[in-house]
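Biologist: Could we go through this model together? I would like to begin with a single residue.

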Amino acid sequence: GAVRRRITDSNRTNNRSPRRSGSKRASEADVALARMILESPMDYVDHESFHVRDARRKIFEHPDAVPQPDTSWYRPLVDDVIGTRPQTSSTRSSVVLTGAQEQVIFIQYNYSRFRVAGLQQRIGTRTPTAKQTKELIDWYRHSRALRDQIAETNLALVLAMAKRVKLKDVDFGDQISEGNMALLRAVDKFDASRGFKFSTYACRAILKSFSRQGMKSTRYRQRFPTEFDPSLESSNYPEERRQQDQKEQADEVKQIVLDNSADLTDVEQEILHHRFGFDAGRNGKPLT
């Protein structure tokens, strides 16, 4: 009914390429965003379809829309794994893309990045025009939206790998965060033209990130066997302790000289009194 029509309209909007921009003047926020985009070179996975005639129309208008993911299951399932919920959730409501749908969305994603990279190369160090600014931002935002869609569609991979490899001494939330970052890196590097499913590539990348995280945690435990205390990370306790030790030692030496506990001669006492200013109030400043 109405819900299905709204989902269909949303899918068509997200899988549609940015419209060609007019010549309106860019706002200050758009200029700042465009400058930020130009300062970060855009990588992409090339494809032969990017270089044919009418590539934009063929990539975005001909393929069927890729369904949007439903991530409503994600938070409850994480809670189930942690043990904060007694119920058992499932990923039954998540979207599983076919190989053809993955081809479509990855080609669209990389074509959007390809257009951003082309604009970066064309503009160079010059100030972009209003039209170039609009086009650059539109393609950049479209690439980010497609990236988010791919990542959200494959969130279940991170949870599946995290339950398969539970790291000792690593918080489950930290492990999920590391897996999500690995998933995003896999989205950026995956080449759909080779004909493999994305899950084959992403699962291996996620498992490798867990392995690196485990080795990092082990090295930390070996160097710092005590429990981690965040308050010590920003503390200047060593410097304060050093200054306190120096003050106590100086007071001790001063008392030894004043009491002549070291049996110093009159000349030696006179030199130390002048050198360290023990009698600065009577004889003036300390002498070199």
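Biologist: Is Asp64 buried or exposed, and why?

Modeller: Asp64 counts as exposed because its relative accessibility is 66%; exposed means over 50% relative accessible area, buried under 20%, and partly exposed in between, with a 1.4 Å probe and protein chains only. Please note that this is a predicted model: local features need pLDDT of at least 70 and side-chain atom pairs pLDDT 80 or more, while totals for chains, interfaces and linings use all residues. Residues are numbered from 1 along each chain as its sequence is written, and side-chain values use heavy atoms, without hydrogens and water.

Biologist: Where is Asp64 placed?

Modeller: Asp64 is in the loop between α3 (55–60) and α4 (74–82); helices are DSSP runs of H or I with at least four residues, numbered from the N terminus.

Biologist: How far is Asp64 from Val104 in space?

Modeller: Their C-alpha atoms are 8.3 Å apart, although 40 residues separate them in sequence.

Biologist: Changing topic, what does Ile206 contact beyond its neighbours within four places in sequence?

Modeller: Ile206 is in contact (heavy atoms within 4.5 Å) with Leu157, Val158, Met161, Gly179, Ala182 and Leu183.

Biologist: And the aromatic pairs: how many are there?

Modeller: The count is 11. Rings of Phe, Tyr and Trp (its six-membered ring) pair if their centres lie within 6.5 Å; planes under 30 degrees apart are stacked, over 60 edge-to-face, and the rest tilted. One of the pairs, Phe190 and Phe198, is edge-to-face, at 5.2 Å centre to centre with 80° between the planes.

Biologist: Are those two buried or exposed?

Modeller: Both Phe190 and Phe198 are buried.

Conventions. Helix = DSSP H or I, 4+ residues; strand = E, 2+ residues; numbered from the N terminus.
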